[in-house]
Amino acid sequence: MAADLTAAQDHEVFVDAALFLGMHSRDDGLRVACKTFFVERLDTRVVMNLEQVGRCDDVIWSYSRELQDLYYPFMDQLHTVMDISREEYDRVDAALALSDADFPDQLPFIDRLLLAMVVNRKGLLHTVGPRADAFGGLPVRAVAAWPAGVPEPAFPESLERLYRASLALRLPEDRLGIPAPDRAPARDRT
């Protein structure tokens, strides 16, 4: 894992909704891998564009109020203690997304926008699992699966307590934005 941090030092570190929501995956290996990403970077800066923040909220708001009340204290505290820069797209991001840049044709426009922002700002996007495969050759890295039997890293005590309570909400992979293995990625509907 330390090598992952070293390799990313020269780049702005971007995260997407799949990685953030992955901390609440039903798959424990994926959940711990996503959590570890944030635990290891708690004292650093990451960028999450406003649309990705909204995607997270869209998923969480689809669950009961009781589950939201268990989830949001953790998320709110994490956004307070960690430097998560929530940024909007600019004109260059939009122009690049609309251009014939080296983005795979099958990418939904939302992903073209995200990648345009990452490329424009010379960043590296961190995501989860097979989602990264759709970005072929672009500055995207999937978090490594967490090895079975290795102890789970913890946030500082007060944040870890909130995290444990928030795990009342566990998300299936399709809610993380990870395509099912038997389905192709969603196509742009525009």
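Biologist: What makes Arg31 and Asp28 a salt bridge?
Modeller: This is a predicted model. In the model, the closest N and O atoms of Arg31 and Asp28 are 2.9 Å apart. The cut-off is 4 Å between a side-chain nitrogen of Lys or Arg and a carboxyl oxygen of Asp or Glu. The value falls within the cut-off, so the pair counts as a salt bridge.

Biologist: Where do Arg31 and Asp28 lie?
Modeller: Both sit in helix H3, residues 28-40. They are three residues apart, about one turn of the helix.

Biologist: How do you know that the side chains of Asp28 and Arg170 meet in a salt bridge?
Modeller: From N to O, the distance is 2.6 Å. That is within 4 Å, so the Asp28 and Arg170 pair qualifies.

Biologist: What does the pair of Asp28 and Arg170 tie together?
Modeller: Asp28 lies in helix H3, while Arg170 lies in the loop between helix H8 (157-166) and helix H9 (173-176). The pair therefore ties together parts that are 142 residues apart in sequence. Arg170 is partly exposed, at 23% relative accessibility.

Biologist: What makes Glu87 and Arg121 a salt bridge?
Modeller: Their side chains meet at 2.8 Å, N to O. The limit is 4 Å, so the Glu87 and Arg121 pair counts. Glu87 is in strand E3 (residues 83-87), and Arg121 is in the loop between helix H7 (109-120) and strand E4 (123-127). This pair therefore links parts that are 34 residues apart in sequence.

Biologist: Why do Glu87 and Arg121 get the labels they do?
Modeller: Glu87 is at 18%, under the 20% limit, so Glu87 is buried. Arg121 is at 22%, between 20% and 50%, so Arg121 is partly exposed.

Biologist: Which residues do salt bridges that share partners join into one network?
Modeller: Asp28, Arg31, Lys35, Glu152, Glu160, Arg164 and Arg170. The whole structure holds 14 salt bridges.

Biologist: How many aromatic pairs are there?
Modeller: The count is six.

Biologist: Why do the rings of Phe155 and Tyr163 count as a pair, and of which kind?
Modeller: The ring centres of Phe155 and Tyr163 are 5.7 Å apart. The limit is 6.5 Å, so the rings pair. Their planes stand at 65°, and over 60 degrees counts as edge-to-face, so that is the label. Phe155 is buried at 4%, and Tyr163 is buried at 0%.

Biologist: Which residues do ring pairs link into a cluster?
Modeller: Phe20, Phe37 and Phe38.

Biologist: What makes Gln52 buried or exposed?
Modeller: Gln52 has a relative accessible area of 1%, under 20%, so Gln52 is buried. Gln52 is found in helix H4, residues 50-60. Beyond residues up to four places away in sequence, Gln52 touches Asp16, Ala17, Ile110 and Leu114.

Biologist: Why are Cys34 and Cys56 labelled as they are for accessibility?
Modeller: Cys34 is at 0% and Cys56 is at 5%. Both values are under 20%, so both residues are buried.

Conventions
Residues numbered from 1 in each chain as written. Predicted model: local features only at pLDDT ≥ 70, side-chain atom pairs only at ≥ 80, totals over all residues. Heavy atoms only, no water. Buried < 20%, exposed > 50% of the residue type's maximum accessible area, 1.4 Å probe, protein only. Phe/Tyr/Trp six-rings, centres within 6.5 Å; stacked < 30°, edge-to-face > 60°. Helix = DSSP H or I, 4+ residues; strand = E, 2+ residues; numbered from the N terminus. Contact = heavy atoms within 4.5 Å.
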